[in-house]
Amino acid sequence: MSSEPKPISLSDRRLLDLRFIELLDKVRQIRPAEDLDLLRRAYDFAALQHAEQRRESGEPYLSHPLAVAHLLADMRLDVPTLAAALLHDVVEDTKIPIAQITEQFGAEVARLVEGATKISRLDLLAPEVRQAENVRKMLLAMVNDVRVVLIKLADRLHNMRTLGYLPPERQQRIALETLGIYAPIAHRLGMGAMRGELEDLAFSYIEREAYLDLQRRVESKRKFYEKFLGEVQDQIRKRLVESGIPADVEGRIKRPFSIHQKIQRQQRTLDQIYDLLAVRVITDSVRNCYAALGVIHQIWPPVPGRFKDYIAMPRPNLYQSLHSTVIRGGQAFEVQIRTQEMHRVAEQGVCAHWRYKEGSGPVSDRDDRRIAWLRQLIEWVQDMEEPSEFLSTLRVDLYPEEVYTFTPKGHVMVLPRGSTPVDFAYAIHTEVGNQCVGAKVNSQIVPLRHPLSNGDVIEILTQKGHGPSRDWLTFVHTSRARSKIRQWIHLQESRRAMEVGRRLLEKEAREHGLSLKKLEASLGRVANEHGCATIDDLYSGIGFGKFAARQLLAQAAGEPLSEKPAAEPPRLASAVKRILGMHEPAILVRGQDDVLVYRANCCNPIPGDDIIGYITRGRGVAVHHAGCPNVQNLLYETERRIAVEWAPKSDGTYSVRLRVYTEDKPGILAAITAAISEADVNIRSLESTSDDLRARIEILLDLADHRQLDRILAAIRRVPGIFDVERVYNV
């Protein structure tokens, strides 16, 4: 929104009024029985409140809520939702209280406006703790009334369409937020068209050079692609008519962001993407879907292993279609076959069957099942204390690749690809997972880390009193399994730490002639001072090494304890550091002096990285990169986490290993090393391997800090022919 007020001109108001009349005409066609007076009043109120506001583009601000309402009308949503769309920025951008919205437009509209306003205020790229809490709130709003998030998705889509008028830094922030949160939510609500446009728009701002390069490469072959698709469509139509199968046939080139993802993930060139070109066949019945598939396979041979039946096994977002990759004249393309109803679901998702049921809210039973995954997710993450764990869980659950498995009784269990029998066991019940000791897949005993495949029949073997192993965290794939295993291990570790802590405190008390029983009240006070809810939590902290028993005892007794000959911790700690080579002057432990600190070998963090301190047993504080794959498996014991930070100044260099995925072509290695040399960075070692027109290069560099690493990564990514570059951790 522009900062300078400028009243709407008469010509602008006429154009806006015409746009509103178009909205009324849309609603009359889709909902002829509904009263449009609510919509008229909402428009007049929004026009009055936004009268002197303009967007960055110079357009009247009212054009934005009108555009959002049009998007929702195209989704066939009800009048209260459209009224809320017209009013969705009134509370946030003006001084109008939500109570006034309730009084003038009713409780339902006010609730939707308030929910959309709360989501608008979320800073989804805030520091991790706040970001996780904000996303939780948004997901909870979806569970209560999914229309709130549909308004926000439409709002975000229009904002993305007009993002070019904003400064570059705001473009980046909004695009990253869109790609990380809003597009995945649209995907899980089954809204394929919305998701696709959000992803492509975000991609065009986040990786502008890659987007434009991909566009140029596709445009250079567009005539060939369009001619090929036209011939294929004609051939399919002709054969389907001969077979008596009614169908609409259409062709398309894969979306830019989807192409980019496949190129990066599979390290392939554009010509090696199997589903770059696709033909969609839309027919009238499930029977004719399978009949059409048979006709197409008679024309062209299918690619083995590239057939997916999402009709028999719908995705969790209720997407249904047959997918098969076939080859014509050496060119692979994908065929998607579905009914008209399946096509509406694929494009519109939760909006495809929208209907208002009196007294029970606006979501049908079918649509309610569509967001059941969300209720499960929220239930599973209620006890997650680590924000990074919640956000990584969210990313897994928003974009799953499914595998369809069966219980011995034939019940279908849908799990993310890569899931194991342990994931399957926890999906059945927590106790089945905890007591799992083995598994049979298709009647054969398999290891618990065995990856499950489509169609597997799994039988879980249990033993009463058995508990999960910490090793399971290294191979489980679902958020539910990971959460339940951590809960169990955390409970056992806390009990052990509590016992150890109590014994250490009792030993210290005996040596100083004190009674813990008499100091119980004082220990409760000391526990509160150290942020512990109970004395048992204080014992756990001692057992984990977070607190010193002697120091806490002195605080409880209210007097200094007699010194012991060996009590010179700073000098001792310094000596141990020198002997072990663990002294890291660049890292500080907040609130602690002269503590044993060392960088974890698995990730070797460098100055500027986000870091996490973890209290080890006997070796001091291990400092990990916040993105280290080992961190999530360590932090279920939250008592052992400790705040660490980089010192203001740090000298020297740090070793960082990079892995670069490229096309295997002459000159690529020279281009990469030139890019690194221009940044004045020393290359310690370089190894290269190639396979199937692709190459993998591992480079060990000496870097000073994270900013230098960012510059190197950006420089390498700009080299033509680079698929991806990543930092390698020694897990």
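## Labels around α14 and beyond

Reader: What covers the buried residues of α14?
Author: The cover includes α10 (168–188), α11 (192–206), α12 (208–220), β3 (302–309) and β20, with contact meaning heavy atoms within 4.5 Å. Keep in mind that this is a predicted model: local features need pLDDT of at least 70, side-chain atom pairs count only at pLDDT 80 or more, and totals for chains, interfaces and linings use all residues. Numbering starts from 1 along each chain as its sequence is written, and side-chain values use heavy atoms, with hydrogens and water left out.

Reader: What makes α14 a helix, and which of its residues are buried?
Author: A helix here is a DSSP run of H or I with at least four residues, a strand a run of E with at least two, and both are numbered from the N terminus. α14 covers residues 256–266, so it qualifies. Its buried residues are Phe257, Ser258, Ile259, His260, Lys262, Ile263 and Gln264; buried is under 20% relative accessible area, exposed over 50%, partly exposed in between (1.4 Å probe, protein chains only). Just after α14, Gln267 has a positive phi of about 50°.

Reader: What makes a nonpolar core, and how many residues are in the largest one?
Author: The term means buried Ala, Val, Leu, Ile, Met, Phe, Trp, Tyr and Cys residues joined through side-chain atoms within 4.5 Å. The largest holds 66 residues, and Leu39, Leu72, Leu87, Ile101, Leu150, Leu153 and Met191 touch the most other members. Helix α9 (residues 146–161) gives the most to this core, 9 residues. Another core lies apart from it, with 38 residues, including Leu214, Ile263, Val281 and Cys289. Ile263 is also one of the buried residues of α14.

Reader: Why are Phe20 and Tyr43 called stacked?
Author: Rings of Phe, Tyr and Trp (its six-membered ring) pair if their centres lie within 6.5 Å; planes under 30 degrees apart count as stacked, over 60 as edge-to-face and the rest as tilted. Phe20 and Tyr43 come out at 4.2 Å centre to centre and 5° between the planes, so they pass both tests. Phe20 sits in helix α1 (residues 10–30) and Tyr43 in helix α2 (residues 37–49), 23 residues apart. Both Phe20 and Tyr43 are buried. The structure has 9 aromatic pairs, and one aromatic cluster is made of Phe224, Tyr225, Phe228, Trp300 and Phe333.

Reader: How do you know that β17 and β19 pair?
Author: Two strands pair if DSSP finds at least two bridges between them. β17 (residues 654–663) and β19 (residues 694–703) have 10 and run antiparallel, so the pairing holds. Arg659, for instance, has Glu698 in β19 as its bridge partner. β18 and β19 also pair in the antiparallel sense, over 9 bridges, and there Ser685 is partnered by Leu700 of β19.

Reader: What makes β18 and β20 edge strands?
Author: Each pairs on one side only, β18 being 682–691 and β20 722–728. The open sheet has 4 strands in the order β18-β19-β17-β20, with antiparallel pairing. As for β19, 8 of its 10 residues are buried.

Reader: At what angle does helix α28 run to β19?
Author: About 20°, with α28 (residues 668–678) lying across β17, β18, β19 and β20. Axes are lines fitted to C-alpha atoms, for helices over the stretch in contact, and angles run from 0 to 180 degrees between N-to-C directions. Helix α29 (residues 706–717) packs on the sheet too, touching β17, β19 and β20, and its direction makes about 160° with that of β20.
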